[in-house]
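Me: I'm new to reading protein models, and I'd like a close look at one part of this one. Could you take me through a salt bridge and then show me what else surrounds that story?

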Amino acid sequence: MVRTRIVSPFPKQFSDRQWARYVKQGRELVEEESSLQFRLGDLSLKMVEHSPHSIGHGVFQVLDRYADTIGINVHTLLKYRHVAHAWPPDKRVTGTSWAVHQALAALPDRFEVILNPPEGKDRWTEDAALSRAGRLPHRPLTKDEKLDRVKTLLREDDSASEAVESLIQRPDVAHRVMSNPSNQRILYRAHHEQRQEAAAARFAAAHEPGPGDVEDDEAPEASPREEQVRRREPAVDYQRASSEVLELIGSGTTFLVDLQRMIPGLHVSEFTEREVRAVLDNHRRIRAALDWCDSALSTGDKSMDDELARILSEGDDEP
C-alpha cells in the first residue's frame with residue numbers, strides 16, 4: 001500500500017505536523033473500533049457457527065437475546081457477524097476500517113480489491129469502497145451518483161409524486177424540465193391516457209344495468225317505439241367489453257366531449273394563420289387515423305401503407 005506524506009488541507013488552522021498528529025490519533029481510534037466490531041462478529045460466530053440457513057434455525061433468537069443482554073441492537077450484531085464471516089482474520093487489512101471491509105464484503109475478489117486502493121490514493125475510503133462494489137456512496141460526488149441516489153430514494157410511487165410536485169413548484173426547474181420535448185410528450189401522453197381511462201370508466205358506469213333491468217333474453221317483446229329507441233342505444237355490453245373496446249370508445253368520446261366544450265368558446269379571431277394551419281393539419285392526421293381504425297375494424301387488416309405512415313408521422317416533434 002502506497003504511503004504518502006500527509007499535508008494539511010487547512011494550513012491556516014493546522015500545520016502539516018499538527019494535522020498528521022490528529023490523523024494518526026483518529027486512525028488509531030478507528031482501528032480500535034474496527035477491531036471491536038470484528039471481535040464481536042467473531043464472538044457471534046464462535047457462539048453459533050455460520051451456515052447458509054442458520055438464521056432460520058433458531059440462531060436469530062439466540063443472538064437476539066444475547067444482543068439485548070450485552071446492550072447492542074441485534075441487527076448491528078448480525079452485521080458484525082456477516083462481515084466477520086466474509087473476512088477471515090488472515091484476510092483483514094490492518095489500517096483499513098471495518099466500514100470499508102463491510103462495503104467490499106460482497107465482492108468475490110474482495111481479498112485482492114482491498115489491497116489496491118483507487119488510483120492516486122494510499123487507502124480506501126468508505127464511499128470509494130461503496131462505489132467499487134456498485135452501491136450508492138453516502139456522499140455522492142459525480143452527477144451519476146447523485147442521480148442514482150435520487151432514483152433510489154424515489155422508488156416508492158407516493159414519495160416520487162410528492163417530490164415531483166415539490167420540484168415543479170420551482171419555476172426554474174419546471175422551465176428546464178418542460179423545455180425538453182421528450183418530457184413534454186411524456187406528460188402529454190400520461191395526461192391523455194388518464195382522460196381516456198376516465199372516459200371509458202364513465203361509459204361503463206353509464207351503461208351498467210340498474211336494479212330493475214333484465215337481460216335481453218328475458219326482456220318482454222318491445223313495441224315499435226321501444227325498438228326504435230333500443231336501436232339508437234349502444235350495442236356494447238360495457239360490463240363484459242374488453243379494455244381495448246372501452247379504450248377506443250373512451251378515446252373517441254373524450255375527443256368529442258372536448259370539442260363540444262371548446263368550440264363555443266374559441267377566440268378564432270385571435271388565431272394566427274400559422275396556428276390555424278397547425279390545427280387543421282392535426283385534424284387531417286386525426287381523420288387519417290380514424291379511417292385507418294375504421295378499416296382495421298371492418299377488415300381486420302391493421303397494416304399501414306406508406307402514405308398513411310407519412311401523414312401520421314408529421315409533427316412528431318411536437319408535444
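Reply: Let's start with Arg 132 and Asp 109, whose side chains meet in a salt bridge with an N to O distance of 3.7 Å. The model is a predicted one, so please read every value here as computed from it. The cut-off for a salt bridge is 4 Å between the side-chain nitrogen and the carboxyl oxygen, so this pair at 3.7 Å counts.

Where do Arg 132 and Asp 109 sit in the chain? Arg 132 belongs to helix α6, residues 126-132, while Asp 109 is in the loop between α4 (98-104) and α5 (110-113). The two are 23 residues apart, and the pair links distant parts of the chain. Arg 132 has a relative accessible area of 39%, so it is partly exposed. Asp 109 is partly exposed too, with a value of 32%.

Another of them joins the side chains of Asp 16 and Arg 5, at 3.0 Å from N to O. Asp 16 lies in helix α1 (residues 16-47) and Arg 5 in the segment before α1, so this bridge ties together parts that are 11 residues apart in sequence. Asp 16 is partly exposed, at 26% relative accessibility, whereas Arg 5 is exposed, at 63%.

Lys 24 is exposed, with a relative accessible area of 53%, and Glu 28 is partly exposed, with 38%.

Two packed helices are described by the angle between their axes and the distance between the axes. Helix α2 (residues 59-70) and helix α3 (residues 74-86) pack at about 115 degrees, their axes being 9 Å apart. The crossing of α2 past α3 is right-handed. On the α2 side, Val 59, Phe 60, Leu 63, Asp 64, Tyr 66 and Ala 67 take part in the contact. They meet Val 74, His 75, Leu 77, Leu 78 and Arg 81 in α3. Sorted by class, this contact has eight nonpolar residues, one polar and two charged.

What does α3 look like as a helix of its own? Its 13 residues reach 18 Å from the first C-alpha to the last, close to the 18 Å expected at 1.5 Å a residue. Which residues of α3 are buried? They are Val 74, Leu 77, Leu 78, Tyr 80, Arg 81, Val 83, Ala 84 and Ala 86. These buried residues of α3 pack against α1, α2, α4 and α5.

Finally, step back to the protein as a whole. It has 14 helices and zero strands. Of its 319 residues, 21% count as buried. Among contacts between residues at least 6 apart in sequence, 47% join residues at least 24 apart.

Notes:
Residues numbered from 1 in each chain as written. Predicted model: local features only at pLDDT ≥ 70, side-chain atom pairs only at ≥ 80, totals over all residues. Heavy atoms only, no water. Axes fitted to C-alpha atoms, helices over the stretch in contact; angles between N-to-C directions. Helix = DSSP H or I, 4+ residues; strand = E, 2+ residues; numbered from the N terminus. Left-handed = near helix turned anticlockwise from the far one by under 90°. Contact = heavy atoms within 4.5 Å. Nonpolar A, V, L, I, M, F, W, Y, C, P; charged D, E, K, R; others polar. Buried < 20%, exposed > 50% of the residue type's maximum accessible area, 1.4 Å probe, protein only. Expected span 1.5 Å × (residues − 1).
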